Amino acid sequence: MTAGAPPWRLDGRVALVTGGSAGIGLATARALAGAGARVVITARNEERLRAAAEGIDGGVAWIVAHAGRPEDAARAIEFTTERFGSLDILVNNVATNPYFGPTLGITDEQAMKTMSVNQLAALRWTQLAWDAGLKESPHGSVVNVASVGAFFTRRNIGIYNMTKAGIVHLTAQLADELGPRVRVNAVAPGLIKTELARALWEKREAAVVAMTPLGRLGEVTDVANAVLFLASDMSSWITGHTMVIDGGVLAADPTVDHGKPVS
Ligand SMILES: NC(=O)c1ccc[n+]([C@@H]2O[C@H](COP(=O)([O-])OP(=O)(O)OC[C@H]3O[C@@H](n4cnc5c(N)ncnc54)[C@H](OP(=O)(O)O)[C@@H]3O)[C@@H](O)[C@H]2O)c1
């Protein structure tokens, strides 16, 4: 950090955000770049990735990489350190949900894909980042994107939520093992209006709001701001923590309709 700079500034630091071309990842890349970081974003669709990178003030670098493929992870991390000379912040944001239905109905292939992209990839990208220089960073920080679904059951997305519970545990485990060099934290968003979660909010927004003390669905910036907090020196004595960002859903009394606030 530049002397005298506020602790949320990331000047001189390099950040890699997986799944940065849309949704929470894009908002996070914008927040980190806005705080002065040099940012690399990854995703699968090249056109959308380039457009996203160019749409961020000052521009960010990008590289096509499937989060679940080891060779892509290695390529993206090498690209980042070659381009910017270091790696200080890793945001493991990508997740997938190829199956929507009763838990016992999932196929091996669908379950393996969910675990591979949502859980194993976060471990692998962190392993590679550590070796590529994260361990040498004076400000090393990993932020994993979990979900509030790590903490309760929900019909139709059981295995997805299981992988998110795994991310919460992985976050604590790595915090223990990578300290004091690197901090490892997670965010656990509630329902955010993105493409990934469309099936969960479209046509049932009022029902979701009814469960939400803050009376609205989440915005991508609600999560990005928390990632910035966890990535920066604002949270310099926090590690192993999963921060729930859900408008109060986890705290809510399920018998109350929060869509009708008390007068
Ligand atoms: N939205 C919610 O309500 C919510 C709630 C809790 C947690 N989350 C978590 O938040 C994170 C981001 O979700 P989101 O809602 O922002 O999703 P999103 O809007 O659908 O964006 C997903 C991003 O990841 C990229 N991506 C998807 N699969 C990929 C893969 N296999 N390899 C590389 N890039 C991939 C997409 O680009 P390409 O398709 O071009 O690859 C895109 O840039 C996920 O971990 C999700 O579980 C979301």
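Me: Which residues touch the most other members of the largest nonpolar core?

Reply: This is a predicted model, and its largest nonpolar core holds 31 residues. In soluble globular proteins, nonpolar side chains tend to be buried together. The members that touch the most others are Leu32, Val39, Ile41 and Val187.

Me: Which element gives the most residues to this core?

Reply: Several elements give two or more residues to the core, among them strand S1 (14-17), helix H1 (23-34), strand S2 (38-43) and helix H8 (220-231). The one that gives the most, with 6 residues, is H8.

Me: Is Arg13, which pairs with Asp233 in a salt bridge, buried or exposed?

Reply: The salt bridge between Arg13 and Asp233 has its closest N and O atoms 2.9 Å apart, and it links distant parts of the chain, from the segment before S1 to the loop between H8 and strand S7 (242-245). Asp233 is partly exposed, with a relative accessible area of 21%. Because buried means under 20% relative accessible area, Arg13, at 2%, counts as buried.

Me: Which residues are linked with Arg198 in a network of salt bridges?

Reply: Arg198 forms a salt bridge with Glu195, the closest N and O atoms being 3.1 Å apart. Arg198 is partly exposed at 29% relative accessible area, whereas Glu195 is exposed at 56%. The network links Arg198 with Glu195 and Glu202.

Me: Where does Arg69 of the positive surface patch lie?

Reply: Arg69 forms this patch together with Arg44, Arg48 and Lys113, and Arg69 is partly exposed, with a relative accessible area of 43%. Its place is the loop between strand S3 (61-64) and helix H3 (70-84).

How values were computed. Residues numbered from 1 in each chain as written. Predicted model: local features only at pLDDT ≥ 70, side-chain atom pairs only at ≥ 80, totals over all residues. Heavy atoms only, no water. Patch = residues over 30% accessible without salt bridge, like charges linked within 9 Å, V, L, I, M, F, W, Y side chains within 5 Å. Areas by Shrake-Rupley, 256 points an atom, 1.4 Å probe, with all protein chains shown as cover. Salt bridge = Lys/Arg side-chain N within 4 Å of Asp/Glu carboxyl O. Lys, Arg positive; Asp, Glu negative; His and termini not counted. Charge placed at Lys NZ, Arg CZ, Asp CG, Glu CD. Helix = DSSP H or I, 4+ residues; strand = E, 2+ residues; numbered from the N terminus. Buried < 20%, exposed > 50% of the residue type's maximum accessible area, 1.4 Å probe, protein only. Core = buried A, V, L, I, M, F, W, Y, C linked by side-chain atoms within 4.5 Å.
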